Amino acid sequence: MSKQILLINDMAGYGKVALSAMIPVLSHMRHHIYNLPTALVSNTLDYGKFDILETTDYMEHTMKIWDELGFSFDAVSTGFIVSERQAKLVAEFCRQQSRKGTRIFVDPIMGDEGKLYNGVTEQTISHMKELVKVADYIVPNYTEAACLAGEQYKEDGMTLEEADCLIEKLLAQGAHSIVVTSAVVDHKEAVIVYDYQTKERSIRPFTSIPVRFPGTGDIFSSVFMGKLLEGKTLIESTEKAMDATKALISMNQNNEDKFKGIPIESCLEVLD
């Protein structure tokens, strides 16, 4: 059954990331999609030069109007957050929505491969911790999970015991169900899944394609959320997201300008 989903994330003018990647995916999955941009970004950050226009004032006014109009959502998904004020605003909005039974998904977008993204500062980590506290599901990559947990990123990955320790530290931050992508556990690439309801941890192995596109995390998060809201289990939703993301990377691995991200509208059949 279709759900009403609000996406709180940035909108890039050039490149398929964040809202411009998530909206086509979730719309194709037949959900009703609404958006609240946290920032207008000139282009994907991979190009090295960019401009970011923060939209916190607009967001604050919009939330007030939506409240007056009585708008409601089945799920809220948050992504890129620009400032402390914005983080507090979004966290409070999510708390209010959660009290109404809305499911909260947080993708704490900060970095990858052991480094913070261009334009992201150490202060962003504390902002994201505010959102983790109100989330039903968080979907960090390993770099972001390590930042949230206050752990050092390990180039050669984690042991199974260290993966469990990472999950425990994220739970201590207030996280509920957790999906850590782009991890390496016992020398194997894996996604770590923790189900808050069953208290069970699972390791889902995969083999990556050695190509980097911005926006693949947004695609993963979208498919994961869309499947969960369809009624799939946490593990089923994770595996569907893994399969779809890998298929999209494989289809587009020879694209000349990878900084644009994946041209998602041309390959939505992968999601069927």
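Visitor: How do the residues of the lining of the largest cavity divide into nonpolar, polar and charged?

Guide: Rolling a probe the size of a water molecule over the atoms shows where empty space is left. A cavity is a set of points, on a 1 Å grid over the protein atoms alone, where a 1.4 Å probe fits but cannot get out, and lining residues have an atom within 4 Å of a point. Here the lining divides into five nonpolar, three polar and one charged, where Ala, Val, Leu, Ile, Met, Phe, Trp, Tyr, Cys and Pro count as nonpolar, Asp, Glu, Lys and Arg as charged, and the others, Gly among them, as polar. The lining residues are S77, T78, F105, V106, D107, V139, S221, F224 and M225. This is a predicted model, in which local features need pLDDT of at least 70 and side-chain atom pairs count only at pLDDT 80 or more, while totals for chains, interfaces and linings use all residues. Residues are numbered from 1 along each chain as its sequence is written, and side-chain values use heavy atoms, with hydrogens and water left out.

Visitor: How much space lies in the largest cavity, and which element gives the most to its lining?

Guide: The largest cavity holds about 50 Å³ of space, a volume being the space filled by probe spheres set on the grid points, which are joined across faces, edges and corners. Helix α7 gives the most to the lining, with three residues. Helices (H or I, at least four residues) and strands (E, at least two) are DSSP runs, numbered from the N terminus.

Visitor: How does α7 pack with α8?

Guide: Two packed helices are described by the angle between their axes and the distance between the axes. Axes are lines fitted to C-alpha atoms, for helices over the stretch in contact, and angles run from 0 to 180 degrees between N-to-C directions. For α7 (216-230) and α8 (residues 234-252), the angle is about 145 degrees and the axes lie 8 Å apart. The residues of this contact (heavy atoms within 4.5 Å) divide into 11 nonpolar, four polar and two charged.

Visitor: What is the strand order of the open sheet?

Guide: Strands of a sheet pair through backbone hydrogen bonds, either parallel or antiparallel. Two strands count as paired if DSSP finds at least two bridges between them. The nine strands run β3-β2-β1-β4-β5-β8-β9-β10-β11, with mixed pairing. Because β3 (52-54) and β11 (200-205) at the edges each have a single partner strand, one side of each is left without a neighbour in the sheet. Strand β11 pairs with β10 (residues 188-195) in the antiparallel sense over six bridges, and R201 in β11 is the bridge partner of Y194.

How values were computed. 1 Å grid on protein atoms, 1.4 Å probe; cavity = no way out; pocket = protein on both sides within 12 Å on 5 of 7 lines; lining within 4 Å.
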